[in-house]
Structures are given as C-alpha cells and as structure tokens.
Amino acid sequence: MYYALLYYPRILNDGFHAFRNKYEPYAKLLAEHIPFVYPVPEKIGWKALENHIWKVLSHWEPFFIHISGHQLTWDNWLIMTVKEGEENIYKLHDELYTGILTPHLRVDLPYIPHIAMGLFSKENYDTDNPTFQSTLDENKYQKALSEVEEMQMDFWRTIESLTLVKVNEHYTKCWDIEEFRF
C-alpha cells in the first residue's frame, strides 16, 4: 500500500471528464488532481505522515492557481498545466518533501504541477518503473490534441486543502483518507 497527497480541483465540465475518461487510464481510479506527494510506502507510518503534513501546512494560507494550457511530457502524458500560482505549488511541494519525506523525493522525475489528461504511449504505463522511455502513439495523440484544443479549458481555483489518499500496491483501488485544510 501507498500514501499520496493531492489537490482535487473539482472541475465541473462534462467535456473535460469525457476527455479524461477516454484517454486517462487512471481516470476511474482517481478524480482529477494535482499531485503534491507521489506515492510513498505505507511503512512510513500513518501518524508520522499526518503529523508531518500538519506541521508543513500550519503556516500556509489558501492561494489561487490558474489551470490552463497543456503539454506533452517526456513520458507521453498529456497534462493540463498551471499557468499562475505554480510558484506556490513548487514551494509547498518542496516543503512537504522535508523531514520524513526527504528520502522519498523522486529526483529522477521532473516535478510539474499538472492534471493528467491522457497517456499516449504505445506501451502500457509501468507504475513501478515510471522512468521507462515509452514510444509516443502519434496518431492517437494528434487526435486527442485537436480535441483538447477545441475545448479551450481554463480554470481558476483556490488551493485551500490537500487530501491524503491510500492506494493499493497494484494501483487499482484508491481511498481518500484525510483532508488537510489550510
């Protein structure tokens, strides 16, 4: 089992959800989200993790973000990007990866504040080996790119809480555990 810490922007847009359900392999597992802490082993300890999160968030106030635009990542994910407020996301992400989370910081993966929209790899995504260099499915990607560009998605949100989730070892089940309000 794993824990992860996320922000749920709660986007109410049927086109957005239809797109994610069509292209994002984990859309049914987990609602749209911006990851702050990627999955860490359950052995880290629930109480220690909870205390660490509260300690980090104790001096944070809610902040605005602007989610707009998209990009293709090095590993063939199409993501929605944060255009404003990303400096606060980076800062909070870095603060969360102190203390007990320091050894779990993924320095092999670039951190980009985002919402995953779809995977456009010819190979299956390997959650145990996320640095695997996959092959872009160019036809599928180009079709999806024209769809997402037509939608012109643009969302403003206030990040005022993060949610701790628990994920099983096969990434097939996910549960919200606790919400941490700023």
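Q: Which residue's side chain does a polar contact of 2.6 Å join to that of D108?
A: This is a predicted model, in which local features need pLDDT of at least 70, side-chain atom pairs count only at pLDDT 80 or more, and totals for chains, interfaces and linings use all residues. Residues are numbered from 1 along each chain as its sequence is written, and side-chain values use heavy atoms, with hydrogens and water left out. A polar contact is a pair of N or O atoms within 3.5 Å, where, within protein, one must be able to donate a hydrogen and the other to accept it, and residues adjacent in sequence count only if both atoms are side-chain atoms. At 2.6 Å, the side chain of D108 is joined in this way to that of R106.

Q: Is D108 buried or exposed, or in between?
A: Buried means under 20% relative accessible area and exposed means over 50%, with partly exposed in between, using a 1.4 Å probe and protein chains only. D108 lies in the loop between α3 (86-96) and β5 (114-119), where helices (H or I, at least four residues) and strands (E, at least two) are DSSP runs numbered from the N terminus. Because its relative accessible area is 41%, D108 is partly exposed.

Q: How far apart are the closest N and O atoms in the salt bridge of R20 with E24?
A: Side chains of opposite charge can pair when their charged atoms come close. A salt bridge is a side-chain nitrogen of Lys or Arg within 4 Å of a carboxyl oxygen of Asp or Glu. R20 counts as buried because its relative accessibility is 3%, and E24 counts as buried at 6%. The closest N and O atoms of R20 and E24 are separated by 3.2 Å.

Q: How many residues apart in sequence are the parts that E147 and K22 tie together?
A: E147 forms a salt bridge with K22, and their closest N and O atoms are 3.1 Å apart. Because E147 lies in helix α4 (residues 138-151) and K22 in helix α1 (residues 14-23), the pair ties together parts whose separation in sequence is 125 residues.

Q: How many residues does the largest nonpolar core have?
A: A nonpolar core is a set of buried Ala, Val, Leu, Ile, Met, Phe, Trp, Tyr and Cys residues joined through side-chain atoms within 4.5 Å. L162 is among the residues with the most contacts inside the largest core, and, not counting residues up to four places away in sequence, L162 touches (heavy atoms within 4.5 Å) residues including F36, L92 and F180. The number of residues in this largest core is 42.
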